[in-house]
Amino acid sequence: MYVCGITPYDATHLGHAMTYVSFDLVQRALRDGGTEVSYVQNVTDVDEPLLERAERDGVDWRDLAADETERFRGDMSALRVLAPDAFIGAVEAIPLIIPIIEKLLADGLAYLVEQDIYFSVAMAPHFGSVAHLAREQMLELSAERGGDPSRQGKRDPLDPLLWRAERPGEPSWPAPFGAGRPGWHVECAAIALEHLGPEIDIQGGGSDLAYPHHECSAAHAAGVSGHWPFAQSYVHSGMLAYKGTKMSKSLGNLVFVSALRADGVDPTAIRLALLSHHYRDDWEWTNEALDEALARLQRWRAAVAGEGGPDGENLLARVRACLADNLDAPRALAAFDSWADGALAGDTADPQAPRLARDAADALLGILL
């Protein structure tokens with residue numbers, strides 16, 4: 001499983017948290033079912049937004065990336081997100097990226113515009129089959145999401161950047177085709193190929209990554225390896241809104257996990273609030289959602305503190321069935337609510353139920369009771 005990571009210039013808002021908690025749930029369900037999981041995640045620790053923020057704040061981009069990456073990892077740990085087996089930065093991956101670009105150039109799948117290198121989507125026979133979008137939609141999203149469809153000299157407006165040639169004042173690394181730094185999409189292709197191979201089971205991220213990021217990284221990987229599909233399943237989590245608008249760094253309407261933690265909010269309640277919505281749904285964060293999660297957490301903890309409860313094995317089976325049904329976390333939480341209501345109402349038929357309920361909440365849902 002490869003899940004695309006953050007660009008560490010302002011981490012970790014609740015939109016990030018929703019994505020990584022969702023894929024943590026995937027990993028937990030797979031492992032509970034006996035599947036061995038190799039989980040890789042990147043961090044884009046050099047990119048335009050990071051450089052722009054560092055210049056704005058008068059700090060070194062490397063220090064900004066390191067600080068925000070560490071904040072992100074601390075937030076993930078507090079939310080009880082299981083750490084990936086490999087957590088690789090774009091800078092660390094440059095030695096992997098350079099030979100990929102060399103091969104794409106040698107095979108005629110890439111070309112130069114001035115000194116920048118672009119990938120030719122015309123040479124990718126499956127291009128468009130990941131996000132399933134019309135060309136007009138791809139052109140619109142490319143302009144919105146970091147592409148440059150209007151650049152003169154490109155063979156196709158949709159051709160993505162593989163290598164940005166060195167510019168004054170920007171970080172760069174030596175390469176046989178000229179100093180510069182990698183494009184966004186080739187970073188994930190290189191890391192996934194190195195750590196997981198030419199075909200992976202799951203590629204994940206927020207729904208805004210389906211195009212152009214997952215579309216282009218799949219095309220890069222297939223262009224190098226010759227294997228298709230690159231991922232058997234593309235899994236995308238929904239977008240989180242706040243005050244009526246999608247939560248995003250560019251808009252600045254962010255709620256940060258670290259800020260909630262600093263205010264004394266139990267991270268387990270934050271996780272419960274996120275799990276109360278299906279991973280694929282778009283929804284809006286509210287203070288009421290957090291209040292409901294805190295109340296739910298209090299009920300669950302009171303229930304497992306008792307001397308018994310309704311049938312614990314039945315609860316475990318119900319939670320597993322919910323997660324097996326397209327990762328239906330809200331229904332799994334409702335099953336736990338029902339069990340807790342019974343325990344608090346005095347049903348203590350199963351003296352082992354509180355222990356089993358506590359273990360199930362921990363292992364399957366990542367909820368510490």
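A crossing of two helices is called left-handed if the near helix is turned anticlockwise from the far one by less than a right angle, and right-handed if it is turned clockwise. By this rule the crossing of α11 and α13 is right-handed, and α9 likewise passes α10 in a right-handed crossing. The structure described here is a predicted model, in which local features need pLDDT of at least 70 and side-chain atom pairs count only at pLDDT 80 or more, while totals for chains, interfaces and linings use all residues. Residues are numbered from 1 along each chain as its sequence is written, and side-chain values use heavy atoms, with hydrogens and water left out.

Helices (H or I, at least four residues) and strands (E, at least two) are DSSP runs, numbered from the N terminus. Their packing is described by axes, which are lines fitted to C-alpha atoms, for helices over the stretch in contact, and by angles that run from 0 to 180 degrees between N-to-C directions. Helix α11 (residues 312-324) packs against helix α13 (residues 353-365) at an angle of about 15°, and the two axes are 8 Å apart. That makes α11 roughly parallel to α13, given that angles under 35 degrees count as roughly parallel, over 145 as roughly antiparallel, 65 to 115 as roughly perpendicular and the rest as oblique. For α9 and helix α10 (residues 287-304), the packing angle is about 110°, with the axes 8 Å apart, and α9 and α10 are therefore roughly perpendicular to each other.

Two sheets are described next. Strands of a sheet pair through backbone hydrogen bonds, either parallel or antiparallel, and two strands are taken to pair if DSSP finds at least two bridges between them. An open sheet of 4 strands has the order β4-β5-β6-β7, and its pairing is antiparallel. At its edges stand β4 (110-113) and β7 (180-182), each with a single partner strand, so one side of each is left without a neighbour in the sheet. Neighbouring strands of this sheet are turned against each other by 20° on average, direction ignored. Strand β6 (residues 161-165) is joined to β7 by 3 bridges, and these strands run antiparallel; arginine 164 stands opposite arginine 181 in β7.

Another open sheet is formed by 3 strands in the order β11-β10-β12, with mixed pairing. Its edge strands are β11 (245-246) and β12 (283-285), each of which pairs on one side only. Strand β10 (residues 240-242) and β11 run antiparallel and are joined by 2 bridges, and the bridge partner of alanine 241 in β11 is lysine 246. The loop between β10 and β11 holds lysine 243, whose phi is near 55°, a positive value in a residue other than glycine.

A cis peptide bond with omega of about 5° joins tyrosine 211 and proline 212, and proline 212 lies in helix α7 (residues 210-225). The peptide bond from tryptophan 228 to proline 229 is cis as well, with omega near 0°, but proline 229 lies in the loop between α7 and β9 (231-237).

Grid points are joined across faces, edges and corners, and a volume is the space filled by probe spheres set on the points. The structure holds 1 cavity of 30 Å³ or more, and the largest cavity has a volume of about 50 Å³. The elements that give two or more residues to its lining are α1 (14-32) and α9 (267-275), and the largest share, 4 residues, comes from α1. The lining of the largest cavity divides into 8 nonpolar, 2 polar and no charged residues, where Ala, Val, Leu, Ile, Met, Phe, Trp, Tyr, Cys and Pro count as nonpolar, Asp, Glu, Lys and Arg as charged, and the others, Gly among them, as polar.

The second largest pocket has a volume of about 190 Å³, and its lining has 6 nonpolar, 2 polar and 3 charged residues. Strand β8 (residues 200-206) gives the most to this lining, with 3 residues.

Note on methods
1 Å grid on protein atoms, 1.4 Å probe; cavity = no way out; pocket = protein on both sides within 12 Å on 5 of 7 lines; lining within 4 Å.
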